[in-house]
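The sequence and model come first, followed by the text.

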Amino acid sequence: MTPPLPRKPRSDSIATIHKGHRSTEDRIIVGIDFGTTHSAVAWALTSTPDEYEVITTWPGQVGKDWGKVPSDISYTLSGGAGLGDEEPPKSPPVAGVTTPREIGYKWGFEVPPLSPNRLSWIKVLLDPSQPRPQFVNPKRTVLPYRKEPVDIVADYLTALRNYTMLTLQRRLGCEFLYGDNTEQVLKRPVDFVLTVPAVWSDKARQMTLEAAVRAGLGVAEAGHASGLLRLITEPEGAAEYALRSMQPGTLKVGECFVVCDAGGGTVDLISYKITSLEPLQLHECVVGSGGLCGAVYLDRRFEEFIQQRIGKETFEGMSHRAKFQMNQYWETFIKREFHESGSGTGAGEGGDDDTGFHVPVVGVFDNPEKGVKDGFLHVTRAEVHDIFEPIVTQVIDLISSQVISVLKSSHGPISAILLVGGFGSSEYLYHRILAWSSSKIPIIQPRNAWTAVVRGAIIRGLQGDVAAVQSRLSRRYYGVVHDSSFDPTKHREDEKKWHDLRCEWVVRNRMQWYIRRGDVTTEAKKISFSFYRTIKAEDVKNGKHQLRTELWVCDDEKAPDKRDSSVRKLAVMTSEPVDVGRFSKHVNEKGKEFYRVDYSLDMTVTSGLVIYEMRIEGQEGTVARVTTNYE
């Protein structure tokens, strides 16, 4: 069987992926922002879209209301011991909610901060293509027996879904959700909108989708009203909310703006041009960017600083409780409020003044030389500046690069930079970006910046198929590897190989790019990779044959014409066995029989996911079911 041979690409209009979303039926929309350090959930009814609620009370929560819950989980046996090689007991079913596969876990605020079984940053493990932070190492992320990252994320999302359903039951009542049936079968459709980082790979998005389906998001159980599941990118969700929260007249048609979604793990940047305000319509104007420089990297730098100041041995000798108090102080009184001007830094309640901060280091002996006295370590403002600066510099470099790209694109003036996300709420980050812009570009921190993404997810769900973002730009090249006919004017003599079926000289490992970096994509159109394949007669089994297509990608600015180290295999698409009666049969000049099939691989690019189909040219319908296995 030969590699697919490309033919001229084409683009056909199709209906949007989620057909029939808009209806007169009252639906429940649930938005989930699954974050690196914290997650958020909001819900609304389609009949009262302006009255959406962000959940602020969580199991195990103590003290003030929180708009988010920690993205932590810990597995335990029924006796309370950490999960090892034994399987935990099963959970009794909870009425009206999905039963987790294993109940031997706690999540969110329920996870004791000092627990040695606590698993954090599980989201980072979903995308192996991203550079993994040094602090995500086997010691911190040791996975329980027989658990993969997607399994753990599925358990966490199951817990989020279950608690959300209990919240809906409390807010709306059992009769509204289940009617008068005694088995608590949902009679109202529940649609879920789940956000993913824009910088994530296609494989990571697919793993997120798999975990979400396992958790029951948008999956109808027997007898329940059906719901939908949609993935959107985090900065797109933030833009949906932020633009609607701004004062009228702030942004105008024809202007561009940059969204900087600075979260716990990732920082995503996307730039849009406004083409309409009523209804709101946006078009991505340059290729988005991003990186792993979120708030958790500040946390790591803070711990490394403390360890360097008091000594590694002393730091490792601190109890879990002492480190928890130390980190809580950092989170509450330094990280969120610090900026260099000396105001708004937690003075007063935090017990600090303009000379610096007094960080609790319980159990550490007094050492005037190291600044430790009465269980507190004195940290100067200059030292806090040094903790922040390398991470903030990375964020500003990303913003600067994105702004330059927009200006070079000639799409229009940049009217604002919208700063959202948990890290985006930082006083220090805001003032540093403000200083960088020199007041030439307004820097706007919208209200509720910490929960802007989940609020945008709700708005996106309420819109149904009418999205504000009309078009997006591809962040990479997509194509196939093929054998090209040998051309002595283009190819070297030593590259040619004889093709037995086609009876001609070819050159191998040539790239045919169907989507290029920066190409415009929309949800209303599918992009077809049209090519043909020759199949040896002996490769046909029982009159059927599986079509197998490898999809390759390149993230560079300019992709090569020949496969090299910059080109990587993204996925393998395999169809169900197809009757060879749908292929054309041929005999080559040597009398050898073979089949030729002209077919296309169709891609529909949505905000959060790429959907693939196969079609045989000239025939109605798709080629049965296609399985996509990501590398």
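Strand β7 (residues 73-75) pairs with β8 in the antiparallel sense over 3 bridges, where two strands count as paired if DSSP finds at least two bridges between them. Helices (H or I, at least four residues) and strands (E, at least two) are DSSP runs, numbered from the N terminus. In this pairing, tyrosine 75 stands opposite tyrosine 105 in β8. Helix α1 (residues 149-172) packs on the sheet and touches β7, β8 and β9, a contact being heavy atoms within 4.5 Å. The direction of α1 makes about 65° with that of β8; axes are lines fitted to C-alpha atoms, for helices over the stretch in contact, and angles run from 0 to 180 degrees between N-to-C directions. The sheet itself is open, has 3 strands in the order β8-β7-β9, and is paired antiparallel. Its edge strands are β8 (105-107) and β9 (118-119), each of which pairs on one side only.

The model is predicted: local features need pLDDT of at least 70, side-chain atom pairs count only at pLDDT 80 or more, and totals for chains, interfaces and linings use all residues. Residues are numbered from 1 along each chain as its sequence is written, and side-chain values use heavy atoms, with hydrogens and water left out.

| Partner of β4 | Sense | Bridges |
|---|---|---|
| β3 (residues 28-33) | antiparallel | 6 bridges |
| β5 (residues 48-54) | antiparallel | 3 bridges |
| β6 (residues 69-70) | antiparallel | 2 bridges |

β3 and β4 form a hairpin with 4 residues between them, and a hairpin through 2 residues joins β4 to β5. Alanine 42 of β4 is the bridge partner of glycine 31 and also of valine 54 in β5. Serine 39 stands opposite valine 69 in β6.

Why is strand β4 largely enclosed by the rest of the structure? 8 of the 8 residues of β4 (residues 38-45) are buried, so the rest of the structure largely encloses this strand. Buried means under 20% relative accessible area, exposed over 50%, and partly exposed in between (1.4 Å probe, protein chains only). His38, Ala40, Ala42 and Ala44 point one way from β4, while Ser39, Val41, Trp43 and Leu45 point the other way, and all are buried.

For the whole protein chain, there are 10 helices and 34 strands. Of its 631 residues, 55% count as buried. Among contacts between residues at least 6 apart in sequence, 72% join residues at least 24 apart.
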